[in-house]
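Please keep the sequence and the model in view while reading.

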Amino acid sequence: MKKIIWVGDSTVAFNQAGTYPQTGIGQEFDRYCKREYLVLDYAKNGRSSKSFYNEGLFAPAREIMEEGDFLFIQFGHNDEKPDEERRTEPYTTFQEHLMIYVNAAREKGAYPVLITPLSRRLFQEDGTIQNSHGEYPGAVIALGGRENVPVVDLTEKSRVLYESTGEAASRKWFMYFPAGTYENYREDMKDNTHLHYEGAVRMGALVAEGLRELGGIYEEILA
């Protein structure tokens, strides 16, 4: 059975029951794939392209990767953080760490796919979304062009979706709800980064859309 392997941060990570309804994109992505593909989600909350590798979190994913598999690589949210353990610079160390994953996939005969970070749901007064990721999405796109790695621009796709949906209606996709809505959340939640179950499904559709746009083998994995 061919595998689709995710590496990344909390926006794509697999959540356990204790954090329900928080859900990562990779957790629900199998609904978009043909049944002969197994989706495995190794993403981890709070990690950057640098810390994910340095903590050894990529090792089990690399170990099980085989020829014909796909490696979906989505970092950026935590590469922006100031601490030395996570911080990378967009056009130097960020790209260098992304290439670790790309090269590992290629060495195994797998297909790497770079995915720009999910936009945060930060509306400005004019109804547009604030660019909270700076140069990181552009660095992913530039790297893909330079190294001939396919890219799904989730940053742009999610921005367009939020703006077309509006501030109030787009809350349903995020961990944004009153205290007591769920037993394990006793305070109001106004989290514009982490996805609600419904949001993971909707953002997964954007990734699938990007794969269809790439065509070829990337489109062939989709149901």
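In which loop does Ser119 lie? Ser119 belongs to the loop between β4 and α5; helices (H or I, at least four residues) and strands (E, at least two) are DSSP runs, numbered from the N terminus. The model is a predicted one, in which local features need pLDDT of at least 70 and side-chain atom pairs count only at pLDDT 80 or more, whereas totals for chains, interfaces and linings use all residues. Residues are numbered from 1 along each chain as its sequence is written, and side-chain values use heavy atoms, with hydrogens and water left out.

Ser119 has a relative accessible area of 6% and is therefore buried, a term that means under 20% relative accessible area, with exposed meaning over 50% and partly exposed in between (1.4 Å probe, protein chains only). Apart from neighbours within four places in sequence, Ser119 is in contact (heavy atoms within 4.5 Å) with His133, Thr155, Ser158, Arg159, Tyr162 and Phe174.

With a relative accessible area of 1%, Phe174 is buried. Leaving aside neighbours within four places in sequence, its contacts include Ser119, Arg121, Tyr162 and Asp191. Phe174 and Thr23 are 151 residues apart in sequence, yet their C-alpha atoms are 9.3 Å apart in space.

Attention now turns to the sheet. Its 5 strands are arranged in the order β2-β1-β3-β4-β5, forming an open sheet with parallel pairing; two strands pair if DSSP finds at least two bridges between them. β2 (37-41) and β5 (151-152) stand at the edges and have a single partner strand each, so one side of each is left without a neighbour in the sheet. Strand β3 (residues 70-74) pairs with strand β4 (residues 111-115) in the parallel sense over 4 bridges, and Phe72 has Val113 in β4 as its bridge partner.

Helix α5 (residues 136-147) lies across β4 and β5 and runs at about 150° to β4. Such angles run from 0 to 180 degrees between N-to-C directions, the axes being lines fitted to C-alpha atoms, for helices over the stretch in contact.

Helix α6 (residues 154-165) has 12 residues and should span 16 Å at 1.5 Å a residue; its end C-alpha atoms are 16 Å apart, which agrees. The expected span is 1.5 Å times one less than the number of residues. Buried residues of α6 include Thr155, Ser158 and Tyr162, and among the elements covering its buried residues are β4, α5, β5 and β6. Gly166, with a positive phi near 100°, follows α6.

Finally, the aromatic rings deserve attention. The whole structure holds 18 aromatic pairs: rings of Phe, Tyr and Trp (its six-membered ring) pair if their centres lie within 6.5 Å, and planes under 30 degrees apart count as stacked, over 60 as edge-to-face and the rest as tilted. Phe29 and Tyr32 form a tilted pair, 5.9 Å centre to centre with 45° between the planes, and both residues are buried. The rings of Phe58 and Tyr101 have centres 4.8 Å apart and planes at 80°, so this pair is edge-to-face. This pair links distant parts of the chain, 43 residues apart: Phe58 in the loop between α2 (49-54) and α3 (59-64), and Tyr101 in helix α4 (residues 90-108). Both Phe58 and Tyr101 are buried. Together with Phe52, Tyr53 and Phe75, they form one aromatic cluster.
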